[in-house]
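Hello,

Here is the structure we talked about. Please open it next to this email; my notes follow below.

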Amino acid sequence: MGWTIRAAVRDDADAIADVHIASWRAGYGHVIPESVLFADDFEPRRRAIWTEWRFGPAQRIIVSVDETDRVVGFATYGPERERGRGNTGRGELYAFYFHPDTWGSGAAADLMARVHERLGAEGFGEAVLWVLDDNPRARAFYERHGWSPTGIDADYDVHCELSVPEVEYRTILT
């Protein structure tokens, strides 16, 4: 199976939302209660994120599409978010999701390589990401691709006053 990586466009919004919703429901069910993942407003809130997204090169969102041009994964990235540390000069991988029916297919490795390439091309020498602490599948993937935990953790506010622990990972971009 072959994948193409390209910049996301407005017409991808629904497909990106599909990936986002399916990956959260399949990947976070052991951490986030079903009452949140299947709440009446869960799907509409995720869809609103992507239908309201301002697509374009400055938005730094790329997608992985299969041979039928179906969006199977996406990544957003850019300068590190503030998080109270001031300007660190690092890049950040904000979101990295694949549809569960592609997990283990190899598609994610190509998209991760492209994220590294793009962050490096923007002049970042290193980057960070945040991942749920209890997400062994994602953590193992990131570690296979050169990311390592920094020892910094925080709480991620999910929804309805629910927070879950997340950890920071870091990589050197070459």
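Start with two phenylalanines: Phe 96 and Phe 141 are both buried. Keep in mind that this is a predicted model.

Their rings also pair. The centres are 5.6 Å apart and the planes meet at 25°, so Phe 96 and Phe 141 count as stacked. This pair links distant parts of the chain. Phe 96 sits in strand β4 (residues 91-98), while Phe 141 belongs to helix α5 (residues 136-144). The two are 45 residues apart.

Ring pairs join Phe 96, Phe 98, Phe 141, Tyr 142, Trp 147 and Tyr 169 into a cluster.

How many aromatic pairs does a search of the whole structure find? The count is 12. One of them is tilted: Trp 53 and Phe 55 have ring centres 6.5 Å apart, with planes at 55°. Phe 55 is buried because its relative accessibility is 17%, and the cut-off for buried is under 20%.

Next, His 20. You will find His 20 in helix α1 (residues 13-27). Its relative accessibility is 8%, so His 20 is buried too. The His 20 side chain makes a polar contact of 3.0 Å with the side chain of Trp 50. Leaving out residues up to four places away in sequence, His 20 touches Arg 46, Ile 49, Trp 50, Phe 74 and Tyr 97.

Last, a backbone point. Asp 69 is not a glycine, yet its phi is positive, at about 70°. Asp 69 is in the loop between β2 (61-65) and β3 (71-79).

Best wishes

Methods
Residues numbered from 1 in each chain as written. Predicted model: local features only at pLDDT ≥ 70, side-chain atom pairs only at ≥ 80, totals over all residues. Heavy atoms only, no water. Helix = DSSP H or I, 4+ residues; strand = E, 2+ residues; numbered from the N terminus. Buried < 20%, exposed > 50% of the residue type's maximum accessible area, 1.4 Å probe, protein only. Polar contact = N/O pair within 3.5 Å; in protein donor to acceptor, adjacent residues only side chain to side chain. Contact = heavy atoms within 4.5 Å. Phe/Tyr/Trp six-rings, centres within 6.5 Å; stacked < 30°, edge-to-face > 60°.
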